[in-house]
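Please open the model in your viewer and keep the selection tool at hand, as this tour goes from one selection to the next.

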Amino acid sequence: MKKLALHWKIIIGMVLGIIWALLSSSLGWSSFTIDWIDPFGTIFINLLKLIAVPLVLFSIISGVANIGDPASLGRMGGKTLMIYLLTTVFAISLGLILVNTVKPGKLIDEQSRIDNRISYEIWASSQGYEIKDGINYLKDPEFFQRAQEISDLTKSELKEASVSDKLENANKQKNKSPLQPLVDIVPDNFFYSLSNNGLMLQIIFFALFFGVCLLFIPTEKAQPVINLVDSINEVFLKMVDLVMQAAPFFVFALLAGVVSKMAGDDIGKVVEIFKGLSWYSLTVLAGLLIMIFITYPGILKAFVKKIPYTGFFKSMSPAQTLAFSTSSSAATLPVTMECVEQNLGVNKKISSFVLPIGATVNMDGTSLYQAVAVIFLAQMHMIDLTIGQQLTVVMTTTLASIGSAAVPSAGLVMLIIVLDSVGLNPAWIAIIFPVDRILDMFRTVVNVTGDATVCTIIANGENMLDYKEHDPTETFDLDS
């Protein structure tokens with residue numbers, strides 16, 4: 001087992017967790033699983049949430065501060081960041097279009113979705129969150145009995161929670177201006193923002209502001225701060241690594257608990273869960289493949305005529321293969337740079353500037369997956385997010401993608417932030433965790449392909465592209 005790669009251990013943990021949940025449901029052991037195994041899954045979620053805030057803060061500061069002297073960025077830096085931003089917004093928009101068209105979360109049976117909805121409303125009441133679509137099943141006498149079975153709440157507790165929510169929500173909506181969402185992005189107390197995952201946009205704003213300001217002070221004063229930030233960032237990346245090393249055990253507990261909670265002693269519900277999960281996976285995969293084989297080649301062809309469709313993929317295939325196997329943009333970066341320089345003919349001055357920025361801020365695959373995941377989970381719980389709320393998903397996902405570390409499963413940490421931003425339960429990531437690893441491999445290929453595309457476009461615009469069609473295996477050492 002020690003020789004097995006981590007992703008195989010995680011897959012084994014997932015399979016064993018599902019098998020255990022099925023056995024415990026059939027044998028009536030669901031209570032034991034929920035009481036004694038599921039808490040370790042909760043610990044896993046708490047560890048991810050613990051790391052999420054500082055990881056975003058220091059990743060963004062490090063990424064912005066390491067861009068270099070602002071005077072040297074000029075036209076190239078502006079174009080690089082703008083194209084990365086546009087491709088990210090396009091990826092998220094594509095994901096939203098696909099998930100709203102396919103509606104994978106609505107393909108689960110009606111009773112399971114009603115149970116999910118009641119669980120969501122109970123959670124929202126306990127956390128003081130507003131019910132997103134204004135519908136409240138807990139106020140309907142028809143569902144009181146089912147709500148009691150799910151949460152052991154009494155009717156009076158449900159009514160009190162509903163009244164409390166109503167008053168709190170009324171106070172929240174009172175005297176809000178049209179620009180309130182913009183006001184909410186700027187914190188008045190940064191340390192308070194740090195203590196609340198729901199205020200992640202404020203933390204991202206502060207990180208961007210802090211990083212930019214580092215670029216405008218003398219190097220001798222800024223460098224110690226940058227070195228400190230980089231070092232702290234490495235510590236939190238190591239935390240992610242250590243948590244993921246224990247992930248096989250945590251995943252077993254997480255899946256065993258979440259499936260037992262959703263299925264109870266009815267195995268038929270498990271089938272419905274995975275039916276919806278398969279449609280979700282196909283929706284994400286469709287979006288990722290469109291980005292790889294249609295969007296990026298189309299953008300590249302619009303700006304760089306001399307690189308043929310097949311030539312681009314031949315040139316980038318070593319980096320794409322490594323990205324798929326490692327699920328890490330950072331691990332793939334040296335190979336990506338070599339592919340771009342040797343096979344696509346990009347000048348090293350361009351690749352050494354554009355690609356490291358891309359590995360930090362360009363997470364198109366992760367952004368698309370997060371957008372689809374949020375809407376899927378909302379559909380699965382019978383929550384109809386408005387256009388405004390979905391635009392919040394776009395904005396938060398775009399900004400959170402900047403802080404997505406270029407390591408395996410970092411996107412899962414960022415998904416917690418996006419769920420929090422629209423008032424949904426971060427623990428729902430457990431539902432999509434079974435298929436996260438395989439989708440992570442595909443979305444890393446998207447990220448790396450996007451980095452190479454933007455790098456080539458920038459090089460062509462700066463007259464630093466010398467592409468010559470050839471067999472990339474003649475000049476590329478796969479062991480390098």
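**Salt bridges, then a surface patch**

Select K79 to begin: at 29% relative accessibility, this lysine counts as partly exposed, a label for values between buried (under 20% relative accessible area) and exposed (over 50%), with a 1.4 Å probe and protein chains only. This is a predicted model, in which local features need pLDDT of at least 70 and side-chain atom pairs count only at pLDDT 80 or more, while totals for chains, interfaces and linings use all residues. Residues are numbered from 1 along each chain as its sequence is written, and side-chain values use heavy atoms, with hydrogens and water left out.

E462 is buried, with a relative accessible area of 18%.

Then select R443 and D440, which form a salt bridge with the closest N and O atoms 3.4 Å apart; both R443 and D440 are buried.

Finally, select W36, which counts as exposed at 59% relative accessibility. W36 belongs to a nonpolar patch on the surface, whose members also include L4, W8 and F32; such patches are made of residues with over 30% relative accessible area and no salt bridge, nonpolar side chains (Val, Leu, Ile, Met, Phe, Trp, Tyr) being joined within 5 Å and like charges within 9 Å.

Key. Accessible areas come from the Shrake-Rupley method with a 1.4 Å probe; for residues, only the protein chains shown count as cover. A salt bridge is a side-chain nitrogen of Lys or Arg within 4 Å of a carboxyl oxygen of Asp or Glu.
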